[in-house]
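Visitor: I would like to learn how to read a strand and a chain contact. Can you walk me through it?

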Amino acid sequence: MLTFDRAELPAEAETLRAEVREFLKSNSARLPRPNSDFTTGHDPAFSAQLGARGWIGMTWPLEYGGRGRSFFERYVVTEELLAAGAPVSAHWIADRQSGPLLLRYGSEQQKAAYLPGITRGESYFSIGMSEPNTGSDLASVRTTAYRMGDGYLVNGTKLWSTDAHRNHYMVALVRTEPASDNRHAGLSQVLIDLKNDGAQVRPIRNMAGGEDFNEIVFTDVLIPEDRVVGNPGNGWEQVTSELSYERSGPERFLSAYRVFVEFIKAVGKNPLPHQSAAIGRITAHLATLRRMSISVAGMLEEGKTPAVEAALVKELGNNFEKLLPEIARLALSGSPPSEGFRQAMTDTLLLSPSFTLRGGTREILRGVIARGLGLR
Amino acid sequence: MNDTTNLIAESAEKMFSDLVNKAVLDKAEEGVFADEIWRAICANGFDQLGVTGSGTGLADLFHVLVVAGKHALPLPLAEACLVNRWLGSNEVFGSIGCVEASQIVDVPWGRQASVIIGIAPEGLVRNKGKNARAGVNLAGEARDSVELDAQESVACIDDPFALLTLSRVCLMAGAMQTVLDLTLRFAQEREQFGRPISKFQVIQHQLAVIAAEFAASLKAADAAVEALGTDRFITDLAIAKARIGEAVGVVNELAHQIHGAMGYTHEHQLHHFTRRLWAWREEYGDEIYWQTRLGAIVVEQGGDGAWDYLATSR
């Protein structure tokens, strides 16, 4: 569990890396944004281009628009996009999380209906987990979807759903049966059509000034019964497996990468000794995290479920994303910062509180690791 | 690791867990050379790891060093094997230190050695292992010094300083594993407020942090061993020594905090491992030394080129 096996990126992944870089060069007008954060930069035209290249849902089967490629190849595409500061948030959740969920638990009809649009970079998903009174304690969700005729009647409120005001669908965790002694029972995941079902979506301004996350209110929203993903009542198992997918990717340690780039540029070719050391310190963390993340991609490729390993990458990676700007700013103390550095720094610092909150807080992750160590 | 390397590491695990214990470690710290263990090492050919013609390579030596670190083996296995590798001999107990002015310093068990090799910027020098002055590092490990004598130079295709650095990297990865294991066990056995302290969330979180730092350290060490013989070796070595050195501070702090006063006693075995971690992170370049070397390599690539260098590391 604490051993991350060696995994080498195969030759085809390196070929693909060159193709991604060519593509990024041809899109240089869009790049770079001042941060590498996967939740900012909603750009449907860019996502559609990625889809046309076959770089969204790329590990999925051909019949659903996927390309049957390896997790290593997906890893390379994602890290190249993030390092370049590309605008990826429109398709990110659908590609990383909602698509794989549908692939694993969805009905044949759902897969055929939703997956091809995702792979084209045209269909975007949001996460529907948190609620006003449900954060880390996910099993406490109160949004209900009770049977009503041929469908389900949804009532309640979802919170912090990134880009729900821009995206097309949400996978929402809801109660399909009243709460009982077994708090993990009676939960289900349902697909919500954010544009047409009648949910009220209200963007919430964040402290960085952006409007990315939302409150979504359901008042007697009727959805057809074929919107349930997997078996009704199986929601807890599904949502926990969904969370483990999302924890080990390069977005968990590259969010602050643009600060590093601007930092290296700012010190120039003749850095002071402490500036070299700062760059080396950041590199040592980054290179090690990257190897761990690639190792997890290798485990996924072998069909394993590395939930604890993924939690370890996220724990270390999120801490590093917060450490990087701190190291860089003090190493540059006393020299006038470049405009590029100032902007990357401002962006990243203002976004940084979210790094250790989203996708499971630091505290939840340490609990996952502790369970893996046999302490719970 | 291939099958042979695994077998070698497994038999090292068996040998060291049979022979190394608290009493042996205490004796070594009092200045008693662990002769019985050294003879067992030689009898099993473990003094020949990485020596041409032995059927083993450098990678085998470094995998065994992780096991040695795990048991706090009170002998300089890396030094002994590398001397045999460089001199092509096997009748000696040799050790290695760094040349400083007119001395070779920080030589593990130099007082016991029949030959001592000194690492200098311009190459290796060979000294007779006589009249070494006894000294210790903060872990109580023998670190002796000798005056340079005839200064016979030794030809060597390796980067000696780098290989010795890698030895400390591997030893640290192993010792850190034991610190984690001891701390996990203690937290599950020690009861306060009517339950094992491992049931308290704050303790669980601290153990999770130790585990994460160890996992990163082990990965960094393994990557450096994997890079042996490639043009990325120095980069991966710098990454490993810098990363693990940083982990040591975190891991030792939390491990001792969780162990409470018990772990602060001489009677407890924890300090044999935590003190070695503190000592080894200083030897052959501390974090700043390797961070600076690594930083210089990255600076060469420039801000836009750094990613390519990092991403195509292998």
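**A strand and an interface**

Guide: Strand β4 (residues 169-175) of chain A has 7 of its 7 residues buried, so it is largely enclosed by the rest of the structure. Buried means under 20% relative accessible area, exposed over 50%, partly exposed in between (1.4 Å probe, protein chains only). Strands (E, at least two residues) and helices (H or I, at least four) are DSSP runs, numbered from the N terminus. This is a predicted model: local features need pLDDT of at least 70, side-chain atom pairs count only at pLDDT 80 or more, and totals for chains, interfaces and linings use all residues. Residues are numbered from 1 along each chain as its sequence is written, chains are lettered from A and ligands numbered from 1 in written order, and side-chain values use heavy atoms, without hydrogens and water.

Visitor: Which strands pair with β4(A)?

Guide: Two strands pair if DSSP finds at least two bridges between them. β1 (residues 125-128) of chain A runs parallel to β4(A), with 4 bridges. There, G128(A) partners A172(A). β5 (residues 187-193) of chain A is antiparallel to β4(A), over 7 bridges. L173(A) stands opposite Q189(A).

Visitor: How many residues does each chain bring to the contact?

Guide: Contact means heavy atoms within 4.5 Å. Chain A gives 48 residues and chain B 52.

Visitor: How many salt bridges cross the interface?

Guide: A salt bridge puts a side-chain nitrogen of Lys or Arg within 4 Å of a carboxyl oxygen of Asp or Glu. The rule finds 6 between chain A and chain B. K265(A) and D304(B) form a salt bridge at 3.2 Å, N to O.
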